[in-house]
Amino acid sequence: MATGSGDGEGNAAGASWRLIGPASELSKKRCRLMYSSLGYDSDVCLFFVKGEFFAMDARCSHSGGPLCEGDIEEADGVLQVFCPWHDYDFDLRTGKSATSLQQQVYEVKLEDGNVFVKHANHLSLLPFPADQRH
């Protein structure tokens, strides 16, 4: 399986590889919300499309729509997610939109059957208790 990657500020100094879970389990759903220890605005979507994992900020950069609920389509070899609120499109690999908006993307790697996302904050498939958010 190949992995999607990103080159935005989420990969700047301070980012670490965060263990998300086993690829065999994570590949069963097209999108999973990963909760950030910083809270709602820092959550990340983990997409699994055509045998690849991709990660990007979970809230649309236009007006905060939930990208995990968006449709995923391929056009001219480009995999895109469409925000369910206003239909803005974002390339799963680069985060770029035809509308000139930019969505933050994050590197993803597979190692020993596990999925890792490079991110500055702790990520979890379960919400963090309020007293554990930083």
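A residue is called buried when its relative accessible area is under 20%, exposed when that area is over 50%, and partly exposed in between. With that in hand, here are some close-up views of this predicted model.

**View 1. A salt bridge joins E107 and K118.** E107 has a relative accessibility of 24%, so this residue counts as partly exposed. Its side chain meets that of K118 in a salt bridge, with 4.0 Å from N to O. E107 sits in the loop between β8 (105-106) and β9 (108-111), while K118 belongs to strand β10, so the pair ties together parts that are eleven residues apart in sequence.

**View 2. H119 reaches the backbone of N121.** Strand β10 covers residues 114-119, and H119 lies in this strand. Is H119 buried or exposed? H119 is buried, as its relative accessible area is 4%. A polar atom of the H119 side chain lies 3.0 Å from the backbone nitrogen of N121.

**View 3. R59 and D43 form a salt bridge.** The closest N and O atoms of R59 and D43 are 2.8 Å apart. This pair links distant parts of the chain: R59 is in the loop between β4 and β5 (71-75), D43 is in the loop between β2 (31-36) and β3, and 16 residues separate the two. Both R59 and D43 are buried.

**View 4. K28 pairs with E25.** Side chains of opposite charge can pair when their charged atoms come close. Here the side chains of K28 and E25 meet in a salt bridge, at 3.2 Å from N to O. K28 is exposed, with 61% relative accessibility, whereas E25 is partly exposed at 38%. How many salt bridges does the count come to? The count is six.

**View 5. The largest nonpolar core gathers 16 residues.** Within this core, the residues with the most contacts are F47, V49, M56, L67, V81 and L92. At least two core residues come from each of β3 (44-49), β4 (52-57) and β6. The largest share, three residues, is supplied by β3. A second, separate core has 14 residues, among them A23, M34, A55 and Y106.

**View 6. V81 and its contacts.** Zoom in on V81, one of the residues with the most contacts inside the largest core. Setting aside neighbours within four places in sequence, V81 is in contact with F47, M56, L67, G70, D71, I72, Y88, D89, F90 and L92.

**View 7. P84 in its loop.** Look for P84 in the loop between β6 (78-82) and β7 (89-91). P84 is partly exposed, with a relative accessible area of 39%. Which residues does P84 touch, not counting those up to four places away in sequence? P84 touches P66, E69 and G70. The C-alpha atoms of P84 and D71 are separated by 7.3 Å, and these residues are 13 apart along the chain.

**View 8. Cysteines without a disulfide.** A disulfide is a covalent bond between the sulfur atoms of two cysteines. Searching the whole structure turns up zero disulfides. C83 is buried, with 3% relative accessibility, while C68 is partly exposed at 24%.

Terms used
Residues numbered from 1 in each chain as written. Predicted model: local features only at pLDDT ≥ 70, side-chain atom pairs only at ≥ 80, totals over all residues. Heavy atoms only, no water. Helix = DSSP H or I, 4+ residues; strand = E, 2+ residues; numbered from the N terminus. Buried < 20%, exposed > 50% of the residue type's maximum accessible area, 1.4 Å probe, protein only. Contact = heavy atoms within 4.5 Å. Core = buried A, V, L, I, M, F, W, Y, C linked by side-chain atoms within 4.5 Å. Disulfide = S-S within 2.5 Å. Polar contact = N/O pair within 3.5 Å; in protein donor to acceptor, adjacent residues only side chain to side chain.
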